[in-house]
Amino acid sequence: MPRPLAFYPDFPLRSLNSFGIEAQAKAYLPVRSADDLRTCRADSALDALPRLVLGGGSNILLTGDFPGLVLHMCGKGIEIIGADADATFVRVAAGENWHGFVLWTLAAGLGGLENLSLIPGTVGAAPIQNIGAYGVELQDCFHSLSAFDFGTGDVFTLDRAACEFGYRDSAFKHRWRDRAAILDVTFALPKRWRANLAYAELARELETLAAPTAQEISAAVIAIRTRKLPDPAVIGNAGSFFKNPVVSADQRDALQLRHPNLVSHRQFDGSYKLAAGWLIDQCGWKGKAIGAAGVYDRQALVLVNRGGASGQDILHLAHMIQTDVREHFGIMLEPEPVLI
Ligand code: EPU
């Protein structure tokens, strides 16, 4: 027997989004299993509403009230489900906190995710934007996931190729957008672990250690993030507000001629990723504010809610920054969080 669904009408979302924006959902439902989603789908009134699948709310900007049903993925559980010669497989429910899960893997002696320490949000949301930091992306240790298909009511599995991971991108931003809810994710954590110190700032942080362990790398990442990024529990934000733009080698060379200090990194395919934080910083925005919406004073890529900002206030500031960067550098910055 499916349990009756306890959904809540006119539900406040402020504590469910890391920007701390005041907004309401027409209806809210904590989801613990695929059965909850099936029951919800069978209810014609609930099924007719627009849906927002929510994890930790750390990569969204609510631009107003949400006139539909928020499905808050709350399933819990972490389990080692097997191993082969190369990897240990760990299955994690969508509602687990990402950083809590990373600490769990390290305590279990499993390396691979240490560079992704302290990223806010939940495990189920992590594949959607293929979270990445300090030289590692989720896809590097990803095995598969299972998700609920709102169209058919079935649970399906996707392997790494089917997820079409890219830089802050996956099939859940395209083909599966608004059509599926991730239920759990399985990671393949390498048996022959090697430190990844490709990110210069991380290597510098660890330069006194000859052979840092996964735990030590995690501690270093936590130290860097704590220094540079605002704690959403203290000051509302959604991490980087824009993606780092990727440009052709020709475009990058032309920019470098005009701006000799340009910060850029060559990609595998010969293109270049520009540091959006540098572009914004150069336009003089670091530490500036328009009303309650501000640019963080230690990382220009992070927009912050200085207290009582609306989603529209943040958007207005973002548009001003985009216009300035386009006028100075001819580059259009693309928002990183999902705008609701
Ligand atoms: N920079 C400035 N001024 C600034 C900020 C940055 O000049 O105010 C320049 C510096 O030269 C710095 C470079 O930009 O060395 C890169 O900055 P940082 O190392 O902080 O990284 P990022 O490119 O700004 C990206 C991710 C972060 C991730 C870090 C570390 C994106 C959109 N952001 O930021 O991810 O933690 O690298 O890997 O790719 C997030 O997605 O929410 C996020 C925080």
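In the predicted model, Ala162 is partly exposed, since its relative accessible area of 30% falls between the limit of under 20% that marks a buried residue and the limit of over 50% that marks an exposed one. This alanine has its place in helix H4, which covers residues 160–163. A separation of 36 Å lies between the C-alpha atom of Ala162 and that of Val295, two residues that stand 133 residues apart along the chain.

With regard to the chain as a whole, the secondary structure consists of 9 helices, together with 20 strands. The radius of gyration is 21 Å, which is close to the 20 Å that the globule rule gives for 340 residues, and the chain is therefore as compact as a globular protein of that length. When the extent is taken along the principal axes, the C-alpha atoms fill a box of roughly 65 × 50 × 35 Å.

Among the contacts that link residues at least 6 apart in sequence, 60% bring together residues that are at least 24 apart. As for charge, the chain carries 32 positive and 36 negative charges, and the mean positions of these two groups are 2 Å apart.

Terms used:
Residues numbered from 1 in each chain as written. Predicted model: local features only at pLDDT ≥ 70, side-chain atom pairs only at ≥ 80, totals over all residues. Heavy atoms only, no water. Helix = DSSP H or I, 4+ residues; strand = E, 2+ residues; numbered from the N terminus. Rg over C-alpha atoms; globule rule 2.2 N^0.38 Å. Contact = heavy atoms within 4.5 Å. Lys, Arg positive; Asp, Glu negative; His and termini not counted. Charge placed at Lys NZ, Arg CZ, Asp CG, Glu CD. Buried < 20%, exposed > 50% of the residue type's maximum accessible area, 1.4 Å probe, protein only.
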